Amino acid sequence: MNNVVRLFSLVMITGSLLAQSDRGTVTGTVSDSASAVVPNAAVVAVNPETGVVSRTVTTSTGNYTISSLSVGIYDISVEVKGFKKFLQKGVRVQVAETARVNIALEVGSASESITITADAALLKTEDSEQSDTFAGDRLNALPINFGIGGGAIRNPLGFVKLAPGASLNGWNDIKVNGAPNGSFRIIFEGQDATSNLNPRVSDESQPSMESIQEFTLQTSNFSPEFGQVIGGLFNFTARSGTNQFHGSAYDYSTK
């Protein structure tokens, strides 16, 4: 019996190690107007669509990191005694990417606030990963048959054609940066969804276009957690519920 328990535990641990993240991260440094770092500042990330709140505090060096955030738009706020409240709206968190939001506080009362509504800069300074991100709304706004890959109408893999250095011919014959056909992998919601028979037939169990929130095609220099792939990594995340009622429908006609 003990051996069975040990085996089950080993399988569960191994399964968790194989999972990769389809979430994003926000990181940055909090400082004052003189560029001195501000430790122990309360940092809060709020997704207005879902109401999900994530919290952390800055370290002794003024740095903060909020990881495992679902894809979406976030409001980042910082409060600390002796400074005005800071609020940055419209911070976009994308699949498997890190957004840097550096925050400069102004001396004043906590009842006062500074609000920035412009989008945070999307310049990537955290790593050298090369990737292209496609939002689900963009996919559904394109012509209905654009996503045909190989025998699959509205195949999300077909959008690889929008990425530089990538091509698609025939039956999901996907090439990324000149890598061989069929050397790509697919991750959906953090789990490997690549067909064990042949990556090209993964579209037989593909998610519907409407279920996709966003996906990133990672082409090179990505994190070691996404190993065992040379021909591009499709990292999908599904749509989640929001505080607003919503739905979608489409019609396909051969006329």
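Biologist: In what sense do strand 2 and strand 5 pair, and over how many bridges?

Modeller: Strand 2 (residues 42–46) pairs with strand 5 in the antiparallel sense, over five bridges. Please note that this is a predicted model, in which local features need pLDDT of at least 70 and side-chain atom pairs count only at pLDDT 80 or more, while totals for chains, interfaces and linings use all residues. Residues are numbered from 1 along each chain as its sequence is written, and side-chain values use heavy atoms, with hydrogens and water left out. Strands (E, at least two residues) are DSSP runs numbered from the N terminus, and two of them pair if DSSP finds at least two bridges between them.

Biologist: What about strand 5 and strand 6: in what sense do they pair?

Modeller: Strand 5 and strand 6 (residues 85–93) pair in the antiparallel sense, over six bridges.

Biologist: What is the strand order in the open sheet?

Modeller: The open sheet has five strands in the order 3-2-5-6-9, with mixed pairing. Strand 3 (53–57) and strand 9 (113–116) stand at the edges with a single partner strand each, so one side of each is left without a neighbour in the sheet. From one strand to the next, the twist averages 20 degrees, where axes are lines fitted to C-alpha atoms and angles run from 0 to 180 degrees between N-to-C directions.

Biologist: Why is strand 5 described as largely enclosed?

Modeller: Six of the eight residues of strand 5 (residues 72–79) are buried, so the rest of the structure largely encloses this strand. Buried means under 20% relative accessible area, exposed means over 50%, and partly exposed lies in between (1.4 Å probe, protein chains only).

Biologist: And Val91, is that buried or exposed?

Modeller: Val91, in strand 6, counts as buried at 1% relative accessibility.

Biologist: Which residues touch the most other members of the largest nonpolar core?

Modeller: They are Val26, Val30, Tyr64, Ile76, Val78, Ile103 and Leu105, out of 20 residues in that core. Strand 1, strand 2, strand 4, strand 5 and strand 6 each supply at least two of its residues. A nonpolar core is a set of buried Ala, Val, Leu, Ile, Met, Phe, Trp, Tyr and Cys residues joined through side-chain atoms within 4.5 Å. A second, separate core has 18 residues, including Phe134, Ala166, Ile186 and Met209.

Biologist: What does Ile103 touch?

Modeller: Not counting residues up to four places away in sequence, Ile103 touches Thr29, Val30, Ser31, Tyr64, Ile76, Val78 and Phe86. Contact here means heavy atoms within 4.5 Å.

Biologist: Where does Thr25 lie, and is it buried or exposed?

Modeller: Thr25 lies in strand 1 (residues 24–31) and is buried, with a relative accessible area of 17%. Leaving aside neighbours within four places in sequence, its contacts include Thr65, Ser67, Val93 and Glu97.

Biologist: Where is Ser70 found?

Modeller: Ser70 is in the loop between strand 4 (63–69) and strand 5. Ser70 is partly exposed, at 33% relative accessible area, and touches Arg23 and Val93 when residues up to four places away in sequence are not counted.

Biologist: Changing topic, how many aromatic pairs are there in the whole structure?

Modeller: A search finds five. Rings of Phe, Tyr and Trp (its six-membered ring) pair if their centres lie within 6.5 Å; planes under 30 degrees apart count as stacked, over 60 as edge-to-face and the rest as tilted. Phe184 and Phe234 have ring centres 5.7 Å apart and planes at 80 degrees, so this pair is edge-to-face. The pair links distant parts of the chain, 50 residues apart, and both residues are buried.

Biologist: What sort of pair do Phe188 and Phe236 form?

Modeller: Phe188 and Phe236 form a tilted pair, 6.5 Å centre to centre with 40 degrees between the planes. Phe188 is partly exposed at 24% relative accessible area, whereas Phe236 is buried at 2%. Ring pairs link Phe184, Phe188, Phe215, Phe234 and Phe236 into a cluster.

Definitions and conventions
Helix = DSSP H or I, 4+ residues; strand = E, 2+ residues; numbered from the N terminus.
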